[in-house]
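Me: I have a structure to read. Can you take me through it feature by feature?

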Amino acid sequence: MTQTPAASFILLSYCQEDTIAEAVQSLLDQNCEPIEIIISDDASADGTFEKIKQLAGTYSGPHRVVARRNETNMGVNRHIEHAISLATSDLMIWTAGDDRNAPNRAQRVIDSHRETGAKLLYSDAETVGPDGEPGENAYRRALFYKDFSTEDAATAFSLYLGATAAWHKDLYRKYGGFPKDRAYEDLILGFRALLEDGLHYIPENLVIYKEDVGISAQLTKKISTLTNQERRARMLKGHLAVLEQRLADARTFGLADSSPVVRKIKQAAGKIHARLDFYNGIGAVLASRHYGWGAKLQGIASEGMRRLRNR
């Protein structure tokens, strides 16, 4: 009978042929007990998967290596969900095709999980710019790297550096998947783990994280072609998708509508609805029955001022 590995280390890639070799090698070089390594490519149109196959095909170490490619592009959240179904371990460590991992990352995560039982573990990272220069460590401004409350996290849109995450399948089994579009998985999973009192921070640089590159940079480039109004609407829809998922997750956890956390999420979602409605005209905001007058007035004022500034 094959023993279940202590962790599944999962790399998701998409059109990252310039960085994929170093990323994959950092997995193959993990100095830890035997683990499962899954390298999953989302139908890259460049030479990313060819490099993955070459490295995986020559590996002869202690870890079980699976290299695979989606037939069609799934997008980030659907790709994550598919990778979950491939992992044989409940503890999954995540990385991307443009980041590198310290050789002790897997073992530090495994040991920390055994010690704490945490549902989500995250760490520090060494950040580098697109040309290899030292990064700005902007991720340190995220909420989970300082003192915070559950109410703070309920409406925050920066929780931790997702590139450093490892998490347990229970966060998926209990609460379900992720919104198809616009909602980054770290914003969903961080809140779920907080509800479960299952967060654990490892204060070590376990990842070398490239800022302003990869899939997020590709998305930023795509968004730059939109008008100011289109970019604003896209951002607001993304925030709304996160809040709606958090509201559903809070209820799944068992929080009542009267709880401060649920009330705060609903209030924040109402304000965003009003801001989105503003772009259909002030009359759409005033006529809505989905949020109160406070949200209506704030939506009209904030988006109206933004429109004036961007003229």
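Reply: Start with Aspartate 197, which sits in the loop between H7 and strand S8 (199-210). Helices (H or I, at least four residues) and strands (E, at least two) are DSSP runs, numbered from the N terminus. Residues are numbered from 1 along each chain as its sequence is written. This is a predicted model: local features need pLDDT of at least 70, side-chain atom pairs count only at pLDDT 80 or more, totals for chains, interfaces and linings use all residues, and side-chain values use heavy atoms, with hydrogens and water left out.

Me: What is the phi of aspartate 197?

Reply: First the general idea. Most residues other than glycine have a negative phi. Aspartate 197 has a positive phi of about 55 degrees, although it is not a glycine. Asparagine 137 is also not a glycine, and its phi is positive, near 50 degrees. Asparagine 137 is found in the loop between S6 and H5.

Me: Is aspartate 197 buried or exposed?

Reply: Buried means under 20% relative accessible area, exposed over 50%, partly exposed in between (1.4 Å probe, protein chains only). Aspartate 197 is exposed because its relative accessibility is 72%. Asparagine 137 has 34%, so it counts as partly exposed.

Me: Which residues form the negative surface patch?

Reply: Patches use residues with over 30% relative accessible area and no salt bridge; like charges are joined within 9 Å, nonpolar side chains (Val, Leu, Ile, Met, Phe, Trp, Tyr) within 5 Å. A salt bridge is a side-chain nitrogen of Lys or Arg within 4 Å of a carboxyl oxygen of Asp or Glu. Asp and Glu count as negative, Lys and Arg as positive; His and the chain ends are not counted. A charge is placed at NZ of Lys, CZ of Arg, CG of Asp or CD of Glu. Here the patch is Asp131, Glu133, Glu136 and Asp212. Aspartate 131 lies in the loop between strand S6 (120-128) and helix H5 (150-154). With 73% relative accessibility, aspartate 131 is exposed.

Me: Which residues form the nonpolar patch?

Reply: Ile282, Leu286, Trp293 and Leu297 do, with about 420 Å² of accessible area together. Such areas come from the Shrake-Rupley method with a 1.4 Å probe; for residues, only the protein chains shown count as cover. Leucine 297 lies in helix H12 and is exposed, at 53%.

Me: How many disulfides does the structure hold?

Reply: A disulfide is a pair of cysteine sulfur atoms within 2.5 Å. The structure holds 0. Cysteine 32 is buried at 14% relative accessibility, and cysteine 15 is partly exposed at 25%.
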